[in-house]
Amino acid sequence: GRTIHLADYRPTDFVLERVDLTFELDPTETKVEARLIFHRREGVAPSVPLVLDGDDLTMTSLLFDQIEMDPARYTATADSLTIRDLPASEPFEITITTQINPEANTQLMGLYRSNGIYCTQCEAEGFRRITYFPDRPDVLSVYTINIIADKDANPLLLSNGNYLGGAGYGEGKHFAAWFDPHPKPSYLFALVAGDLGVVEDTFTTMSGRDVTLKIYVEHGKEPRAAYAMDALKRSMKWDEEVFGREYDLDIFMIVAVSDFNMGAMENKGLNIFNDKYVLADPETATDQDYANIEAIIAHEYFHNWTGNRITCRDWFQLCLKEGLTVYRDHEFSADMRSRAVKRIAEVRHLRSEQFPEDAGPLAHPVRPNTYREINNFYTTTVYEKGSEVTRMIATILGAEDFKKGMDLYFERHDGDAATVEDFVKCFEDASGKDLSQFALWYSQAGTPHITVSTSYDANAATLSLSLDQMVPATPGQATKEPMHVPLSFALLCHDGSELTATAISGGTVTGNVLHLSERSQTFVFSGVTSRPVVSLNRGFSAPVVLHFNQSNEDLAHIARHEGDLFSRWQAITDMALPSLTAAASAAAKGDAVAVEPSLLSSLLAIAANEALEPAFRAQALTLPSESDIARAIGKDTDPDAIHAGRQAVLAAIAKAGEAQFEALFKTHSSSTAFTPDAEGAGRRALRNAALGYLSLSKNSPALASEAYAKADNMTDLAQALTILAHRFPDSSETAAALANFEQRFGSNALVLDKWFTIQATIPGEATLDRIQTLMKSTHYAASNPNRVRALVGTFAFSNPTGFNRRDGKAYHFFASQVLEIDQRNPQLAARLLTALRSWQMLEPNRANSAREALQIISSGSELSNDVRDIVDRILK
Ligand code: HT7
Ligand code: ZN
C-alpha cells in the first residue's frame with residue numbers, strides 16, 4: 001500500500017449526481033448492478049478519464065448510457081476501473097455489474113454474511129468491495145436501492161432512508177425498494193437482509209413528527225433489546241434539548257449482528273451494531289455492559305448530525321466526526337449518570353489507552369498528515385483525544401459561546417464534507433477568540449508534560465505558580481511548538497473553602513481557567529492571605545501529564561475538601577502512585593512494602609463517607625492499574641514486580657480497612673430489586689470493591705464463592721467469579737464456579753465472552769496454557785471478532801504478567817495468532833497487534849523477546865497492508 005498525504009487532497013474530476021443500486025442477493029454469487037450518473041467537473045480537461053475504486057472485484061458487464069461499452073474505452077482490474085473518452089460537460093450514465101461472494105467475505109468489510117444475515121460495513125473503504133465507485137467521503141449523492149432475495153430466508157430487506165415499496169419477484173423471491181433523500185457518501189450506505197425479530201417504538205420529535213423506531217435482533221432475543229430502545233429514545237430527546245438537533249427521516253433502524261469488526265456503525269437511518277452493544281438483561285449483562293450500550297447507541301445516533309449531515313472531506317478529518325461525537329456521547333452519559341464518576345472513568349481510559357499510544361511508536365496527531373491504511377487510524381487518539389480537544393474548546397469559550405459555535409457549525413456546514421479548519425473557524429467566528437495556537441492540538445502528536453511549582457510570599461500576600469510545558473518528540477515530529485493549555489484550577493484555603501484571588505501578572509486567567517500558552521510562564525495571584533493548596537487541572541480540563549510535587553498533606557487536603565469530585569479522586573491517585581512504584585521496586589528486591597499512612601487514611605475516609613455517592617467511593621478504592629504504574633515508572637519495567645508490589649499495597653489496605661470493608665459489604669448487600677441505572681450500579685461497585693479487599697485480607701475464596709452462589713445479576717456474578725479466578729486460581733471453589741458458569745451460559749456466546757475474559761486475565765505465567773486450552777473449546781470461534789477479542793485480545797491488552805511472561809513464550813504465541821488472524825481478517829489482526837505498541841518500555845530481556853516476535857510477524861509472507869503498516873511502525 002502506498003502512503004496517502006493530506007497535502008495531496010484535491011476534489012474529484014467527476015461529480016456523481018445519482019446512484020441506483022440493485023442487489024440480487026445470493027450467499028455466494030450476489031449480483032450488484034450500479035447505475036451511476038456523472039458529469040465532468042467544470043474546468044476538468046476532456047481527456048481526463050474517470051477512475052473508480054475497487055477492491056477484489058469481478059466485473060461482469062459495463063454499459064455506457066445503457067449500451068455495452070467498447071472494451072477499448074475502459075480498463076478493469078480487481079482494484080480499479082478506468083473509463084476514457086467521456087463527455088466534456090453533459091451528464092452520462094455508467095452501469096456496472098459486479099459479482100461478489102458474501103459468504104467468503106471473512107474481512108467483514110463490504111457485503112458479508114453473519115449468522116445467515118446479509119449485512120454491510122462500508123466505512124472506511126468497504127463500498128469499493130461491492131462495486132466500482134468514487135469511494136471517498138467528499139462524494140455525496142442520493143441513493144435508490146433495490147434488493148431482490150429469496151423470500152423465505154430473507155423476509156427482511158433493509159437499506160437507508162425511507163421504504164418505497166416491495167412485491168413478489170417470482171420463483172420464491174421478493175424485492176424491496178428504498179430511497180434516501182439525504183445526499184451521503186458511500187461509507188454510510190447499508191443493506192441488511194435476513195430473518196430477524198423486531199422491537200418497535202415511536203418517537204415524536206420536537207417539531208411534532210412521528211418517527212418509527214425499530215431494533216432488529218435474532219428471534220427470541222427481543223426482550224433483551226428493551227434497554228437499547230430506551231437509550232435510543234433518551235438520546236433523541238437529549239440531542240434535541242442540548243444540541244437542538246432533530247432527527248430527519250420517518251424511520252430509524254438498528255440491526256444487531258454477531259460478527260462485527262468494531263462496536264457499531266452509523267449508516268444513515270440504518271445503524272448496524274455489534275450485538276454485544278444492543279442485547280442486555282440483568283441476568284446476562286453487567287453494569288458496564290449497560291453503560292456501554294447506552295453510550296454506543298447514543299454515539300451512533302448523534303452521528304446523524306455530526307458525521308452524516310456534516311461529513312468529512314477526507315479521512316484525515318476523521319476526528320471531525322469521531323472526536324466530536326465522542327464528546328457528545330460523553331456529555332450525554334454525564335447527564336444520564338453521575339458526571340464526576342463518568343469523568344473519572346473517561347480519564348482512566350484516556351490514560352490507559354491514549355497516553356501509551358501518544359508516547360509510543362504509533363503516536364500520531366489527532367488529525368494525521370499521512371496514512372498507509374486508514375483502518376489503522378480509528379484510534380483512541382482520533383476518538384478520545386479528539387473528544388478532549390473538543391472539550392477544551394468548550395472550556396476556553398465557555399458554555400454560551402461553545403453553543404453558538406456549534407450552532408454556527410450546523411448552520412454553515414449542513415450538507416457539507418467539512419474539514420477541521422471549518423470546524424475551528426466556527427468557534428472563532430462565534431466567540432471572536434483566536435484559536436490558531438490552540439489548533440496545534442490537531443496537528444502536534446504527543447501528550448504535553450507540564451511541570452508545576454509554587455511559591456508563596458506571606459508578606460506580599462502573593463502566590464506564584466510557575467508552569468513549564470514540554471511536548472515529547474513523536475514519529476515524524478522531532479520538535480514541537482508550545483500549546484495553548486486551558487488548566488482549570490482552584491486555590492483551597494485551610495478550611496477547605498475556595499479562595500478568590502486576582503491574577504496580577506504572568507498570563508491570561510479567565511474565571512477559574514488559567515491559559516498556559518508559552519513554554520514557561522509564572523502566574524502571580526494577589527490577595528492571598530495564607531498559603532493555599534493548589535488544585536490544578538480540575539475535571540481534567542486538559543489531557544496532559546502534570547508533574548507537580550505536592551506534599552501528602554496537600555493531596556490529603558484536596559482529597560478531603562475539593563468541590564470537584566474528579567480532583568478528589570485525582571489526589572488519591574497522586575498519593576497512591578508513589579507508594580505503588582516504590583512497592584514495585586521493593587518487590588523486585590524482595591524487600592517489604594511500606595504504604596504511606598496518609599494514603600490509607602484518605603482512602604478509607606472517602607470509602608466510609610456516606611455523604612459521597614457509592615460509585616465515587618468505589619472509584620477511590622480502585623487503585624491505579626498495573627499499566628498506570630508501568631507508565632509512572634516509565635522505562636525498564638518489570639510487570640511481575642509491578643504486580644507483586646501492587647498486590648502488597650492492596651493487602652495493606654485490605655488489612656487496615658478490614659472492619660470497614662465488612663460493614664460496607666453488609667450494608668450494600670441488602671437486596672433491592674435490580675435496576676441498571678447508575679445508582680444501582682454504584683452500590684454494586686462499592687460492595688464488590690469491598691468484597692475484593694475482604695477476600696484479600698481473609699485470604700480465602702469462601703466469601704467470593706458465597707457471593708457467586710447468591711448473585712442475582714450478572715454484575716455480581718462476574719465480579720465474584722473474577723475475584724475467585726484472579727486471587728484463587730487453583731482453588732476448588734474457582735474450578736466449581738467456572739464450570740457452573742460455563743454450564744449455565746453455555747448457549748449464550750456473549751456471556752461466555754466474559755468467561756473467556758475472566759480466565760484470560762488471570763495473572764501469572766500459567767494463563768498462556770489456559771488460553772491455548774480454551775481456544776480448543778467448542779465455545780471458541782476464531783472467525784468471530786468478539787470471541788478473539790475476549791480471549792486473545794484481553795490476554796494481550798489486559799494481562800501484564802501473563803502476556804509478558806519472562807520466557808517470551810506468550811509473545812510468540814501472540815505472533816502466530818496475529819499471522820493466522822491476518823489471513824482472515826486483517827483489520828482485527830492489526831488492532832490486536834497494537835497490544836505490543838509499548839514493548840520498548842519493558843526491561844531488556846522481555847523487550848528482546850517482544851522484538852523477536854514482532855520480527856516474526858514482519859517476515860510473514862502474505863501480510864495484509866493493515867498488519868504491515870502497524871508492524872513497520874512499531875519496529876521502527
Ligand atoms: N464510524 C464507525 C467506525 C467503524 C469502522 C471503521 C472501520 C472498520 C469497521 C468499522 N465499523 C465501524 C463507528 C463509530 O465510530 O461510530
Ligand atoms: Zn463514531
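By class, the residues in the shell around ligand 1 comprise five nonpolar, six polar and four charged. In this predicted model, the ligand is surrounded by 15 residues, the closest of which are Glu123, Asn261, Met262, Met265 and Tyr378. Two secondary-structure elements, strand 20 (264-265) and helix 2 (287-302), each supply at least two residues of this shell. Because residues of the shell come from both domain 1 (4-195) and domain 2 (311-443), ligand 1 lies between these two domains.

Four residues from domain 1 and five residues from domain 4 take part in the contact between them. On the side of domain 1 that touches domain 4, two residues are nonpolar, two are polar and none is charged.

Helix 19 (residues 749-760) consists of twelve residues and reaches 16 Å from its first C-alpha to its last, close to the 16 Å expected at 1.5 Å a residue. Ten of the twelve residues of helix 19 are buried, and the helix is therefore largely enclosed by the rest of the structure. The buried residues are Leu750, Val751, Leu752, Asp753, Lys754, Trp755, Phe756, Ile758, Gln759 and Ala760. Their packing partners are helix 17 (714-727), helix 18 (732-745), helix 20 (767-775) and helix 21 (785-798).

Definitions and conventions
Residues numbered from 1 in each chain as written. Chains lettered and ligands numbered in written order. Predicted model: local features only at pLDDT ≥ 70, side-chain atom pairs only at ≥ 80, totals over all residues. Contact = placed C-beta atoms within 7 Å. Nonpolar A, V, L, I, M, F, W, Y, C, P; charged D, E, K, R; others polar. Near = placed C-beta within 6 Å. Helix = DSSP H or I, 4+ residues; strand = E, 2+ residues; numbered from the N terminus. Domains from an automatic or database assignment. Expected span 1.5 Å × (residues − 1). Buried ≥ 20, exposed ≤ 12 C-beta atoms within 10 Å, placed from the backbone.
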